[in-house]
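Reader: Could you walk me through some labels used for this structure? I would like to see what stands behind each one.

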Amino acid sequence: MKCIDRILYIRKRGSFTVEAALIMPMILGVIVLFIYIAMFAHDRCVLEYACQTASARAAYDRSDPEEEAERIMELNTRSSLILNWDMDMHASADETVVTAYIEATPPVLNITYTHSASAYGYFCPKY
């Protein structure tokens, strides 16, 4: 009887190893997924900030607003992005409105993210 109890005890101890071997890849996959989602959300915020800042500053500095907006977008996104996005940045301007556009695709997802921001030059103070 003791021999059978000993065999059953050994089998119970080994079952934890098998369960852990099945569960751990799923847990690690979920952790990696959360980290990627956090990096993606950070980069989207950086792209939106770059677009809004570029349009506002270019509306304030009216010498060459399109070139100024593109320069500011490039400056804000160059060192701030975590992932390697495929981006297209451009700006348009008329007498009163400067609009900055960013179209970006993240490396793993096949989704194109588009953001635009406009700023009006007549809200800026004139000295």
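Reader: Why does Arg 78 count as exposed?

Author: Happy to start there. Exposed means over 50% relative accessible area, partly exposed lies in between, and buried means under 20% (1.4 Å probe, protein chains only). Arg 78 has 58% relative accessibility, so the label is exposed. A word on the background: this is a predicted model, where local features need pLDDT of at least 70 and side-chain atom pairs count only at pLDDT 80 or more, while totals for chains, interfaces and linings use all residues. Residues are numbered from 1 along each chain as its sequence is written, and side-chain values use heavy atoms, with hydrogens and water left out.

Reader: What makes Arg 78 and Glu 74 a salt bridge?

Author: The term asks for a side-chain nitrogen of Lys or Arg within 4 Å of a carboxyl oxygen of Asp or Glu. Here the closest N and O atoms are 4.0 Å apart, and the pair is listed as a salt bridge. Both residues lie in helix α2, 4 residues apart, about one turn of the helix. Helices here are DSSP runs (H or I, at least four residues), numbered from the N terminus.

Reader: How many salt bridges does a search of the whole structure find?

Author: The search finds 3. Another one joins the side chains of Arg 71 and Glu 68, at 2.8 Å from N to O. These two are 3 residues apart in helix α2, so about one helical turn separates them.

Reader: Is Glu 68 buried or exposed?

Author: Glu 68 has a relative accessible area of 18%, so it is called buried.

Reader: Which residues gather in a patch of negative charge on the surface?

Author: Asp 61, Asp 64, Glu 66, Glu 67 and Glu 70 do. A patch takes residues with over 30% relative accessible area and no salt bridge, and joins like charges within 9 Å. Asp and Glu count as negative. Take Asp 64, in the loop between α1 (2–60) and α2 (65–78): its relative accessible area is 37%, so it is partly exposed.

Notes. Patches are made of residues with over 30% relative accessible area and no salt bridge: like charges are joined within 9 Å, nonpolar side chains (Val, Leu, Ile, Met, Phe, Trp, Tyr) within 5 Å. Accessible areas come from the Shrake-Rupley method with a 1.4 Å probe; for residues, only the protein chains shown count as cover. The place of a charge is taken as NZ of Lys, CZ of Arg, CG of Asp or CD of Glu.
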